Amino acid sequence: MAVPKTYHLVTLGCPKNDVDSEHLERLLVGGELLPVIQPEEADALIVNTCGFIEQSQEQSMEAVRALAGGKREGQTLIVAGCMTQLYGSQVRGAVPEVDHVFGVGQWQDVAKLLSVDVDAVYDIPENARVTGPSAYLKISDGCDAPCTFCVIPRIKGGLRSAPAGLLVKEAQRLVAAGAKELVVVGQDTTAWGEDLGMPVASGLPGLLRLLSEAVGPEVWLRLMYAYPSRVSSELIAAMAELPNVVHYLDVPLQHGSEAVLRRMKRPHNLEKVHAFVDELRQAMPDIVLRTSFIAGFPGETEAEFQELLDFAKTIRFDHAGCFTYSRQQWTGAYEMAEQVPDEVKHERRDRFMRQQQKIAARQARRFVGRELDLLVEGTGEDEDGDPVVAGRTYREAPEVDGLVFASGWAEPGSKVRVRITEASDYDLFGELSQARRPARATPRSPSSKRPAGRRR
């Protein structure tokens, strides 16, 4: 293989995969390879795959086949990441044009293959560059939970927490690069530190305090992927006390039936869930809650699904995603009897989302009349040619929730005040408190995102 000079990278999956790809890109760029937008212009074609559920595997294979179909002589096609950790030989068999397969965490090996002297490239491992007002801070990888539907432990291995000192330095680096929000991610963020000898659920509150002080009061810290049994009083107190930890929590609960949760080997004491939700709302009356559920887990009866609907209606989540169960090899649920037919899974998922749409709309209306901080992500014009901005308040996490559209103009990447005047099912609308006119030509148009939800 000739020494490559250019690369084209395709990334599938969740924000944690985005972080991994950005780590790889820093290695490649540090080794003087140049990224190109068009695959035909690249010497190396790279796909960072997702293998979490069947749909993500299909999307990964579509990306691999698309690149393979246009591959020219002299190009190298590399497939890496979660899916190849599980199905590397199958990928090679299905797409003969694939030249090299790597598993999870082998980014230095990929870079070495492309003639990068990785020892000469300085990089803080596995965290993100800043391309907008927000950046992801990955505090751990892997998971020790025994969930019977989840293949992540097989892909990623057990919990591995990044040292606090490294995370503080990385947080400061991201802020210095322009980040105004750090989104804290990991397979289970609330388990951080347990592999370092800390008592169960005790590490994250202290880490949040360190990060809060390190980045300063103006930088938001947003917590994602909390495990239900680890949402402790200490964590809630830290969130309520620290001025820059936004009042938002993502807790994937997966179901609302204790019987189903037992089969999933998930925390199944729903009284405790109600208790920590009440504690969160007492400590932070404006808290925004996100979760995700699975419809059609093996053995799920109509009565058990109704328990899920009733549970979600009682809690009133601001944001909730619902996924059809994806049967995964190497998981405890793979061989379970009473697999639910696909048409039933999809019907239940759709029924859940219809209910949740109404709940989300009611929850959104409580923000009408409030004035909030807004992170501006894009600008544009309305049908009359007047300026508008699109962005997010503390209520909306990047990529998975809705947006706020407001009349007025502000610089993309800035933080401004917005008064909310209207709410739809997923988005909010308002007016900038101190609207300005753009300093130069017509701004680019924002694109509205609808929440798709993710589960860890």
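At 58% relative accessibility, Lys-358 counts as exposed, since the cut-off for that class is over 50%. The structure is a predicted model, and Lys-358 lies in its helix α12.

**Positive surface patch**

- Lys-358 is one of the residues that form a patch of positive charge on the surface, together with Lys-313, Arg-354, Arg-362 and Arg-365.
- Helix α12, which spans residues 342–365, makes the greatest contribution to this patch, supplying 4 residues.

- Helix α8 covers residues 233–241, and its buried residues are Leu-235, Ile-236, Ala-238 and Met-239.
- Viewed down the axis of α8, these buried residues fall within an arc of 160 degrees, and they therefore line one face of the helix.
- An α-helix has 3.6 residues a turn, so positions three or four places apart point the same way.
- Glu-234 and Glu-241 are exposed on the other side of α8.

- The structure holds 28 salt bridges, and one of them joins the side chains of Arg-263 and Glu-304 at 3.1 Å, N to O.
- Arg-263 belongs to helix α9 (residues 258–264) and Glu-304 to helix α11 (residues 302–315), so this pair ties together parts that are 41 residues apart in sequence.
- Arg-263 is partly exposed, with a relative accessible area of 24%, whereas Glu-304 counts as buried at 10% relative accessibility.

**Salt bridge between two loops**

- Asp-318 and Arg-366 meet through their side chains in a salt bridge of 2.7 Å, N to O.
- This pair links distant parts of the chain, 48 residues apart: Asp-318 sits in the loop between α11 and β13 (319–324), and Arg-366 in the loop between α12 and β14 (371–381).
- Asp-318 is buried, with a relative accessible area of 2%, while Arg-366 counts as partly exposed at 32% relative accessibility.

- The side chains of Glu-377 and Arg-392 form a salt bridge at 2.7 Å, N to O.
- Glu-377 lies in strand β14 and Arg-392 in strand β15 (residues 387–392), and the pair links parts of the chain 15 residues apart.
- Arg-392 is buried, with a relative accessible area of 1%, and Glu-377 is partly exposed, with a value of 25%.

**Salt-bridge network**

- A network of salt bridges links Asp-20, Lys-138, Asp-141, Lys-156 and Arg-160.

How values were computed. Residues are numbered from 1 along each chain as its sequence is written. This is a predicted model: local features need pLDDT of at least 70, side-chain atom pairs count only at pLDDT 80 or more; totals for chains, interfaces and linings use all residues. Side-chain values use heavy atoms; hydrogens and water are left out. Patches are made of residues with over 30% relative accessible area and no salt bridge: like charges are joined within 9 Å, nonpolar side chains (Val, Leu, Ile, Met, Phe, Trp, Tyr) within 5 Å. Accessible areas come from the Shrake-Rupley method with a 1.4 Å probe; for residues, only the protein chains shown count as cover. A salt bridge is a side-chain nitrogen of Lys or Arg within 4 Å of a carboxyl oxygen of Asp or Glu. Lys and Arg count as positive and Asp and Glu as negative; His and the chain ends are not counted. The place of a charge is taken as NZ of Lys, CZ of Arg, CG of Asp or CD of Glu. Buried means under 20% relative accessible area, exposed over 50%, partly exposed in between (1.4 Å probe, protein chains only). The arc is that of the directions from the helix axis to the C-beta atoms.
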